[in-house]
Structure formats: structure tokens, C-alpha cells
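Please read them with the structure open.

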Amino acid sequence: MQTLALHTCCAPCSAAVIEWLMANGIRPLLFYYNPNIFPEQEYQIRRQECSRYAHSLGLEAVDGDASHDLWLERITGLEDEPERGLRCLECFKIRLLATANFAAERGIKSFATTLAASRQKSLEQIAEAGHWAAAQYPGISFYEKNWRKGGLSERRRELLRDNDFYNQQYCGCEFSLRRRTDSGNKV
Ligand code: SF4
């Protein structure tokens, strides 16, 4: 079975992607690397939910060495960008560069991300960040797919309900949390 390094952002976005990969002869090696998530408690909840699902399927899930302070340094000057703006592109690049590095270290030729399963995010930005990250590691490619089509969005909702996943109400960083708090709406 072919192996793919799979960057996982959260359990709700990951479940249907993992299921599809395994049904199509691809075994994902999960890599949880999300230094953007704030606060720490939220980070730990999302991480543990990903691990819980991976272990239920007998899959390996590796935690990246995440530092929110370093992430904040990397997005300095972009704090006031709107979602889907330049801060998000940089955020995707940070996470997918680490994933490309992880794939290279493990001798895996290709990587993907569950970020692309969320309707809140720009597929174009994710693809740009993924191919940019892959280009930094010769021999590594970004596996680009629209994980919202082919019934996968519907399956995402079913698996979320069936597994009783924690379902976050904001994207992840303090800037997206502030937006939700200011507007009183789910983002
Ligand atoms: S809104 Fe989401 S994608 Fe954009 S910078 Fe914050 S955590 Fe990253």
C-alpha cells in the first residue's frame, strides 16, 4: 500500500479524508503540526481528537514540535489581515513546509493536508502553499485534491456526528478567535 504523509488540522476535517485515502489504497501517516492554534488548551483538545481517531483506525499519528511564539513571529505585520488574506497564506506555508520536511525525513514521496476539507479556507491558497513547500524538497510532491467534492463534505458531517468529535468554532489563531468573539458568530 502506498504511504502518504497527511498533515491533519483537526479530527472533523481529517476523518473523511483518511477514510477516502484508505479506501483508495493509500495509507496515511498522520502529522499533526498546527502552531497557529491558540490558546494551548484548544491546541491540546484538537490534537487529542486527531490522535483518538487515528488510534481507532490503527494509524500512526506523529505530533510536530509546535511553538506558537515562533508562529507569531512568522506572521508579524499580518495580524490585521482578514481570513483568506496574506496571514492565512503564510500560516499554510508554515504548516506545509514542516509537513514536506516530515515526509522527506520519513522517506515518503508525497504529502497532503486536511486543511483543504474546510469550506472556510481558500483552496487556491492551500494549493499554492503546498506546491511551494514541496518545491523546497526535491523528490517530494504535494498531493492536491478537492476534498469537498464526491460526497466527502457529506461524509465529513456524518463522521463528525458518529464519532462525537469536538467541533471548533473558529479557525485557530487568536485573530480568528477575536473575530468570532467580536461578531458573536461562528467563523
Ligand atoms: S485564520 Fe486560520 S488559517 Fe488564517 S492565520 Fe489564523 S489559524 Fe491560520
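In what order do the five strands of the open sheet stand, and is the pairing parallel or antiparallel? The points below start there. Bear in mind that this is a predicted model.

1. **Sheet order.** The five strands are arranged β3-β2-β1-β4-β5. The sheet is open, and its pairing is parallel. As background, strands of a sheet pair through backbone hydrogen bonds, either parallel or antiparallel.

2. **Sheet edges.** β3 (61-63) and β5 (141-142) are the edge strands. Each has a single partner strand, so one side of each lacks a neighbour in the sheet.

3. **β1 with β2.** Strand β1 covers residues 2-8, and strand β2 covers residues 26-32. The two run parallel and are joined by seven bridges.

4. **The β4 side.** β1 pairs with β4 over three bridges, in the parallel sense. L6 stands opposite A112 in β4. β4 is in turn joined to β5 by two bridges, and these strands run parallel. Here F111 has F142 of β5 as its bridge partner.

5. **α1 against α6.** How do these two helices cross? The axes of α1 and helix α6 (residues 152-163) come within 8 Å and cross at roughly 115°. That angle makes α1 roughly perpendicular to α6. The crossing is right-handed. On the α1 side the contact has P12, A15, A16, E19 and W20. On the α6 side it has L152, R155, R156, L159, L160 and N163. By class, the contact of α1 with α6 has seven nonpolar, one polar and three charged residues.

6. **α1 against α2.** This pair is set at another angle: α1 and α2 pack at about 25°, with their axes 9 Å apart. α1 is therefore roughly parallel to α2. The crossing is right-handed. A11, S14 and A15 of α1 meet E49, C50 and Y53 of α2. Four residues of this contact are nonpolar, one is polar and one is charged.

7. **α4 against α5.** The axes of α4 and helix α5 (residues 123-135) come within 8 Å, crossing at roughly 40°. That makes α4 oblique to α5. The crossing is right-handed. From α4 the contact takes C88, L89, F92, K93, L96, L97, T99 and A100. From α5 it takes Q125, I126, E128, A129, G130, W132, A133 and A134. The contact of α4 with α5 divides into eleven nonpolar, three polar and two charged residues.

8. **Ligand shell.** Which residues surround the ligand? They are N36, E83, R87, C88, C91, C171, G172, C173, F175 and S176. α4 (86-106) and α7 (174-183) each supply at least two residues of the shell. The largest share, three residues, comes from α4. By class, the shell has five nonpolar, three polar and two charged residues. C88 is in the shell, and C88 is also part of the contact of α4 with α5.

9. **Backbone checks.** Two places in loops deserve a look. F38 and P39 are joined by a cis peptide bond, with omega at about 0°. P39 lies in the loop between β2 and α2 (40-56). The other place is R84, which is not a glycine and has a positive phi, near 75°. R84 lies in the loop between α3 (68-74) and α4.

Key. Residues are numbered from 1 along each chain as its sequence is written. This is a predicted model: local features need pLDDT of at least 70, side-chain atom pairs count only at pLDDT 80 or more; totals for chains, interfaces and linings use all residues. A residue is near a molecule or strand if its C-beta atom, placed from the backbone, lies within 6 Å of it. Helices (H or I, at least four residues) and strands (E, at least two) are DSSP runs, numbered from the N terminus. Ala, Val, Leu, Ile, Met, Phe, Trp, Tyr, Cys and Pro count as nonpolar, Asp, Glu, Lys and Arg as charged, and the others, Gly among them, as polar. Two strands pair if DSSP finds at least two bridges between them. Axes are lines fitted to C-alpha atoms, for helices over the stretch in contact, and angles run from 0 to 180 degrees between N-to-C directions. Angles under 35 degrees count as roughly parallel, over 145 as roughly antiparallel, 65 to 115 as roughly perpendicular and the rest as oblique. A crossing is left-handed if the near helix is turned anticlockwise from the far one by less than a right angle, and right-handed if clockwise. Two residues are in contact if their C-beta atoms, placed from the backbone, lie within 7 Å.
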